[in-house]
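Hi everyone, thanks for making time.

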Amino acid sequence: MHEYGIAKGIIDTVLAEAEKHEAKKIKSIELLIGEFNNIVADALVLNVEMLAHGTAAQGVKLDIKRQPLRVKCAACGKQGEPKEALVFVCPFCDSMAVEITGGKALNIVSIEVE
Ligand SMILES: [Zn+2]
């Protein structure tokens with residue numbers, strides 16, 4: 001259940017930001033999450049809601065943007081998205097000599113406060 005730890009990190013960060021800016025309420029959080037992190041969005045939202053309860057972030061809206069997985073193939077040199085999630089095989093030549101070049105993001109893009 002690694003969504004809990006991620007949700008905790010998000011809430012801690014946004015509450016610290018809100019305090020710094022003397023914001024009373026956190027309205028929404030925009031997140032960029034790479035497919036590599038294998039995060040279940042619903043579980044993340046549930047954990048954020050739970051952790052936000054009774055804080056300035058209570059009722060916060062999560063806007064989750066997905067970053068697709070990208071691999072670069074050492075055999076054919078092409079870059080693309082694997083055919084299957086979390087199966088790191090070149091979509092062009094089926095080589096397993098691939099390097100992950102995208103999809104690892106786990107960022108808070110913006111926070112909307114009041
Ligand atoms: Zn290839």
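**A short tour**

Let's start with D94, which counts as exposed because it has 11 C-beta neighbours inside 10 Å. The cut-offs here are that a residue is buried if 20 or more other C-beta atoms lie within 10 Å of its own, exposed if 12 or fewer, and partly exposed in between, with C-beta atoms placed from the backbone.

Before I go on, this is a predicted model: local features need pLDDT of at least 70, side-chain atom pairs count only at pLDDT 80 or more, and totals for chains, interfaces and linings use all residues. Residues are numbered from 1 along each chain as its sequence is written.

Back to D94, then. You'll find D94 in the loop between β4 (79-80) and β5 (98-102). When I say helix or strand, I mean DSSP runs numbered from the N terminus: H or I of at least four residues for helices, E of at least two for strands. From D94 to C73 you go 21 residues in sequence, and C-alpha to C-alpha they are 9.1 Å apart in space.

Now for the inside. Which residues have the most contacts inside the largest nonpolar core? They are I11, V14, I29 and V48, and that core has 14 residues. By nonpolar core I mean a set of buried Ala, Val, Leu, Ile, Met, Phe, Trp, Tyr and Cys residues joined through C-beta atoms within 7 Å. The elements giving two or more residues to this core are α1 (2-20), β1 (26-34) and α2 (41-52). Apart from it there's another core, of 5 residues, including L69, V71, C73 and C90. As background, nonpolar side chains tend to be buried together in soluble globular proteins.

Let's look at β1. I29 is in contact with I10, V14, V60, L62, D63, I108 and I111, if you leave aside its neighbours within four places in sequence. Contact here means that the C-beta atoms of two residues, placed from the backbone, lie within 7 Å. L31 sits in strand β1 too, and it counts as buried because it has 22 C-beta neighbours inside 10 Å. Not counting residues up to four places away in sequence, L31 touches L62, D63, I64, K65, N107, I108 and V109.

Next, the two helices. The axes of α1 and α2 come within 8 Å and cross at roughly 50°; axes are lines fitted to C-alpha atoms, for helices over the stretch in contact, and angles run from 0 to 180 degrees between N-to-C directions. So α1 and α2 are oblique to each other, given that angles under 35 degrees count as roughly parallel, over 145 as roughly antiparallel, 65 to 115 as roughly perpendicular and the rest as oblique. On the α1 side, the contact is made by E3, Y4, I6, A7, K8, I10 and I11, and on the α2 side by A43, L44, N47, V48, L51 and A52.

Last stop, the loops. E22 has a positive phi of about 55° although it isn't a glycine. E22 is in the loop between α1 and β1, and it is exposed because it has 7 C-beta neighbours inside 10 Å. N38, in the loop between β1 and α2, also isn't a glycine, and its phi is positive, near 50°. With 13 other C-beta atoms within 10 Å, N38 is partly exposed.
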